[in-house]
Amino acid sequence: MATLTQTAVRTRAENAPQRVRRRLSGRVASAVAIVIAVLWTTPTFGLLLSSLRPEDQIKSTGWWTFFSDPQLTLENYQQVLFGTSSSSGQMMSFLINSVVITIPSVLFPLALATFAAYALAWLPFRGREWIYIGIFALQIVPLQMSLVPLLSFFSEGVAVFGVQLLPAWDLEGPARFIQVWFAHTCFALPLGVFLLHNFMSELPGELMEAARVDGASHGKVLRTIVLPLVGPALATFAIFQFLWVWNDLLVALIFAGGTPDSAPMTVRLAQMAGTRGNEWQRLTSGAFVSLVIPLIVFLSMQRYFVRGLLAGSVKG
Amino acid sequence: MDFDFAAELPKLVQLLIGVAAFLVVVAVILVLVDRAPMRRRAWTHATILLLPALLLLTIGLVIPAVRTTLLSFMSGDGKQWVGMDNYGWMFTQPEAVTVLRNTLIWVLLVPLLVTAIGLVYAVLVDRTRFESLAKSLVFLPMAISFVGAGIIWRFVYAYRAEEQDQIGLLNQLVVAVGGEPQQWLQEPPLNTLFLIVVMVWIQAGFATVVLSAAIKGIPAEIVEAAKLDGATPLQMFFRVTLPSIRSAIVVVMVTQSIGTLKLFDIVRTMTGGQFDTSVIANEMYNQAFRYGETGKGAALAVFLFVLVTPIVIYQIRQRREALR
Amino acid sequence: MSLLSRPNRAVLVAGTIGLALVATACGSPEAKPSAGGSSSTSPECAAFSQYGKHEGKTVSIYSPIRDAEADLFEQAWKPFAQCTGIKITYEGTGEFEAQIQVRADGGNPPDIAFFPQPGLLERFAKAGKLKPASEEVKKLTAEGWSADWAKYATVDGTFYGAPLGASVKSFVWYSPKMFTEKGWAVPKTWDELMTLSTTIAGTGIKPWCAGIESGDATGWPATDWIEDILLREIGPEGYDDWVAHKLPFNDPKVVAAVDKVGAILKNDKFVNGGYGPVKSIASTAFQEGGVPITQGKCALHRQASFYANFWPEGTKVAEDGDVFAFYLPGNDPAKKPVLGAGEFVAAFADRPEVQTVQAYLASAEFPTARMKLGTYVTARKGVDPANAQNPIDKLSMEMLQDPSTIFRFDGSDLMPAAVGAGTFWKGMTDWINGKDTKTVLDYIDASWPKS
């Protein structure tokens, strides 16, 4: 797969207009790109260095002092990763929770948004305009305003005028994760549908027409034509949803609770700030620990973005 | 206290159940769509494909939105109807103007800056040798939680008196060129700009990734043709690249505008809305959750809905044009 | 408190338990690995026999206390939990005020919550979410705390829960070493304090240092200042009127008190030692506010008893040590009202096991056990201050337990949250940042909820 992609990149690059490429990657352009990259990286680099410095130094001198007086310690990381406190257990538990929460919370909205976006983009039925606009507009509903109704949906069920239509979920133990998945899926759909719909409606209609004339069902068109073409868009949405869920604190606090049984890493990190929030050395190293996995995911998903190249060539 | 792998097993089993449920849902929907009778009107198919999403949206967002609207006409404890009082309060409180002004600055500047920087960067690094690394560097901030970003930037803006060592990067630079250290976050109206920098720093990666994907999607033929016509790089950019990725740019602008309207984490962690930096979403959070004034918080939330109307209308127009 | 030793010890413990588990897996499943594995019939449990047996019952506790401090709580009630068979699930959060409301409204409240603000407790009580305290808890509170304390958890005549921990806010931290070296004396009146400040300013350092930055709670240390002075200026009754908004926030008396604080906090000659001009108070984290004392860059810092936890590692807190605190003096040395704060244990459920836990927390045994583990202050009578872990905790306990002490709760915790956790904090931050007293107080007064 990797070789295939690389070959594709190379072929594509050679096809690209050489002159344009030369000009654009000229000195000024490189300089601008480097300046942006440096500006964007420096604060994070500062965080990394800070997280490796002893507590009293973090609070009294700037991280660049490191270059004149290098003092590093892994103490902060040791505290974050292995520091146990009975209330919260080890980081590993929370890491597993984060993974268990994140995977389905990415998969479900991805699939449901794809189906919905396909229907809204390519199925001719009345009212699809308004449904699309409605879903689009739902993006503005502040998450905070949904917490109470959704929580009571889980804990009290649905009752209208005293008639219990749906029972309370009463989820215990690991089943509590279902609530979190459900909540994340709800909140992700508007953006997902919007993003994917935008990409899908750009696809050339002739392709689909041709397939439909050949007698392919919507399921087949979706699977064999649309999915490969919107791959980059799916990857993009998946990454953002992943990051959103991974870094989320609010939804987790309400629906997963704060115990090692189901709470994700963000909850643990927030607790580690201490009751009075002065444990900066842990926050810096904790922020870095939680950053590692998203970064790995992004790097490994990058080649799917690159697949946009292949999609481009299919178009013609 | 100890790490006991056996204790974690039920969670992993739950994960497997979740993934299995996902596969079942996908399979069922696809099978249903395949089996559904073909008609000219695609109602059945549309229903099957849309229903799960619509159901979840109704439970998770539509009902809460209706509830919020109702609450905005009620008192703080949700027991009495108070008519338009909460809205009246919103527009008569002395700082309302500041909050509205700040929100306006945010929603104008953030999408523009994010899109511009993301676009320029995506074009510049496109198909260079270091593309992957370069994109990762700008993407890095996206992977950091708001809390983490708050910490990072508090270190950047930190202030120490002139005679001391600076611990904030920005003041260190100012001192290095002979200036006086400033309390960046305490001087309105400039402090809002310093907060906006944080948001742009986080979100530029989003724009870069989306726009970069779009640029790669530009059909090779168009690029070839432009090349044959002898287009300069700037012409290429404005006549080929920009129009070809227009919809991706719209996506970025729209999501950034909405994200900015809803933004409250950065303001909350960096200044807590002090020093005239508050924005609507931050006020809403404070009123509804910290002060127990649910009605006022709800009224602010409804006002956010209203603010997004122009964007919705723009979308409707877009769709109309596209269909024509 | 050594941060270094903790992880290592933890690793060791984890290792031991791991071994024990292996052993258990191989041997008989009955073998209990823990040494103190007090089954509920063992002699240690005699002390808890009055609480009865609640095997298999679970009680959930939700609280703003988290991390290391939370661990100490869990450790303190562990024997109680083991002997009664109650499983206590504890959850600490940094977003307590917002989260507790969401969970209560969503129909999923915890069994017990530790409320740090009586004002918040009152809101939940009025909304009908809280259960009244049991007779047992009521009795324990009556015998353990002064009437002032019980009053804060009483709403419309119904009593909802006993106090838990406490802190004393009326302290000025200083360095006894520095004072002895320079020949300064601990002031007994406000005038002496101001004279001392001028003297110190004359030696070239700024006498006071302060920090009020605290995330979205920025401003609270400044409100504590105002409350402390108001309590001295207008007396406890006047203070109660002010808290209940019977005395307007912009009354001339309040203006005078705020200006009195301003004579220190807004005086560039007096502040902000070690940090810069007046405005730097607003951007200095409250945790770091007093630290310059240890560097000799500042001499005085007004902050609560819990500031003992914030001194850099290795700082000795004692009357003859690196830092210590004296009572913030008023005009009349004979009157010593004390400003303080604390948590209250209120319940959303009235199951027997929940009431049992509440009763245990209200007893003298719990605070005693908790104090032995680490720094802690309670106002409960019958708890020996000698158990305190540092001299400030001991001093605070003595002040709180003294029946002649006039105690008042932190006013911002009693006011409606829109003011007490909102405009009051915000207003005082603006005040530090340059706005004048009258404008700020008018703004706060106008924000008081109408109903």
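Domain bounds, as used here, come from an automatic or database domain assignment. On that basis chain A of this predicted model is divided into domain 1, residues 18–73, and domain 2, residues 84–315. Where the two domains of chain A meet, the contact takes seven residues from domain 1 and six residues from domain 2. On the side of domain 1 of chain A that touches domain 2 of chain A, the elements that give two or more residues are helix 3 (27–51) and helix 4 (55–60) of chain A. Helix 3 of chain A gives the most to this side, with four residues. By class, the residues on the domain 1 side divide into three nonpolar, two polar and two charged.

The largest nonpolar core of the model contains 185 residues. Within this core, the residues that touch the most other members are A:Ala116, A:Tyr118, A:Leu196, B:Ala53 and B:Val210. Helix 7 of chain A, residues 91–122, supplies the largest share of the core, 20 residues. Because domain 1 (18–73) and domain 2 (84–315) of chain A both give residues to this core, the core lies between them. The surroundings of A:Ala116 include residues of chain A and of chain B: apart from its neighbours within four places in sequence, A:Ala116 is in contact with A:Val193, B:Leu49, B:Leu50 and B:Ala53. A second, separate core has 133 residues, and C:Phe115, C:Val172, C:Phe306 and C:Ile392 are included in it. In soluble globular proteins, nonpolar side chains tend to be buried together.

Chain B is considered next. Its secondary structure consists of 15 helices, with zero strands. The radius of gyration of chain B is 25 Å, whereas a compact globule of 324 residues would have a value near 20 Å. Taken along the principal axes, the box filled by the C-alpha atoms of chain B is roughly 75 × 70 × 60 Å. Buried residues account for 48% of the 324 residues of chain B. Among the contacts in chain B with a separation of 6 or more, 64% are between residues 24 or more positions apart.

Chain C has 17 helices and eleven strands. With a radius of gyration of 23 Å, close to the 22 Å that the globule rule gives for 451 residues, chain C is therefore as compact as a globular protein of that length. The C-alpha atoms of chain C occupy a box of roughly 75 × 55 × 35 Å along the principal axes. Of the 451 residues in chain C, 53% are buried. Residues 24 or more positions apart make up 75% of the contacts in chain C that have a separation of 6 or more.

The contact between chain C and chain B takes 28 residues from chain C and 23 residues from chain B. Four helices of chain C each supply at least two residues of the side that touches chain B, namely helix 1 (5–26), helix 3 (96–105), helix 11 (280–283) and helix 16 (417–432). Helix 16 of chain C provides the largest share of this side, six residues. The side of chain C that touches chain B comprises twelve nonpolar, eleven polar and five charged residues.

Notes: Residues are numbered from 1 along each chain as its sequence is written. Chains are lettered from A and ligands numbered from 1 in the order in which they are written. This is a predicted model: local features need pLDDT of at least 70, side-chain atom pairs count only at pLDDT 80 or more; totals for chains, interfaces and linings use all residues. The radius of gyration is taken over C-alpha atoms; the globule rule is 2.2 Å times the number of residues to the power 0.38. A residue is buried if 20 or more other C-beta atoms lie within 10 Å of its own, exposed if 12 or fewer, and partly exposed in between; C-beta atoms are placed from the backbone. Ala, Val, Leu, Ile, Met, Phe, Trp, Tyr, Cys and Pro count as nonpolar, Asp, Glu, Lys and Arg as charged, and the others, Gly among them, as polar. A nonpolar core is a set of buried Ala, Val, Leu, Ile, Met, Phe, Trp, Tyr and Cys residues joined through C-beta atoms within 7 Å.
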